[in-house]
Amino acid sequence: MLDPVAKSVIKESTTGQLTEMYYRLVGVNSLRSAQGVGKDQVLAEMVAEVVAEMNARKVGDRAA
């Protein structure tokens with residue numbers, strides 16, 4: 001389960017910070033995969049939380 005502090009940081013981040021956070025987390029996961037290290041559950045949960053927050057704000061939705 002994701003730490004409440006991490007969830008709070010995600011909720012309080014600006015849209016730009018969320019976007020950068022998403023790309024950095026995906027990059028770290030990709031690097032881990034390329035190195036054969038395997039998945040990190042906390043990173044996966046953070047990505048999911050960031051995406052959920054972005055969806056809640058409709059980040060990237062050009063129709064909004």
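Student: Is Y23 buried or exposed?

Tutor: Keep in mind that this is a predicted model, where local features need pLDDT of at least 70, side-chain atom pairs count only at pLDDT 80 or more, and totals for chains, interfaces and linings use all residues. Residues are numbered from 1 along each chain as its sequence is written, and side-chain values use heavy atoms, with hydrogens and water left out. Buried means under 20% relative accessible area, exposed over 50%, and partly exposed in between (1.4 Å probe, protein chains only). Y23 has a relative accessible area of 56%, so Y23 is exposed.

Student: How are the rings of Y22 and Y23 arranged as a pair?

Tutor: Rings of Phe, Tyr and Trp (its six-membered ring) pair if their centres lie within 6.5 Å; planes under 30 degrees apart count as stacked, over 60 as edge-to-face and the rest as tilted. Here the centres are 5.3 Å apart and the planes sit at 70°, so the pair of Y22 and Y23 is edge-to-face.

Student: Where on α2 do its buried residues fall?

Tutor: Helices (H or I, at least four residues) and strands (E, at least two) are DSSP runs, numbered from the N terminus. In α2, the buried residues are L18, M21 and L25. Seen down the helix axis, the buried residues of α2 fall within an arc of 60° (taken from the directions from the axis to the C-beta atoms), so they line one face of the helix.

Student: Which residues is V47 in contact with, leaving aside its neighbours within four places in sequence?

Tutor: Contact means heavy atoms within 4.5 Å. With those sequence neighbours left aside, V47 is in contact with Y22, L25 and N29.
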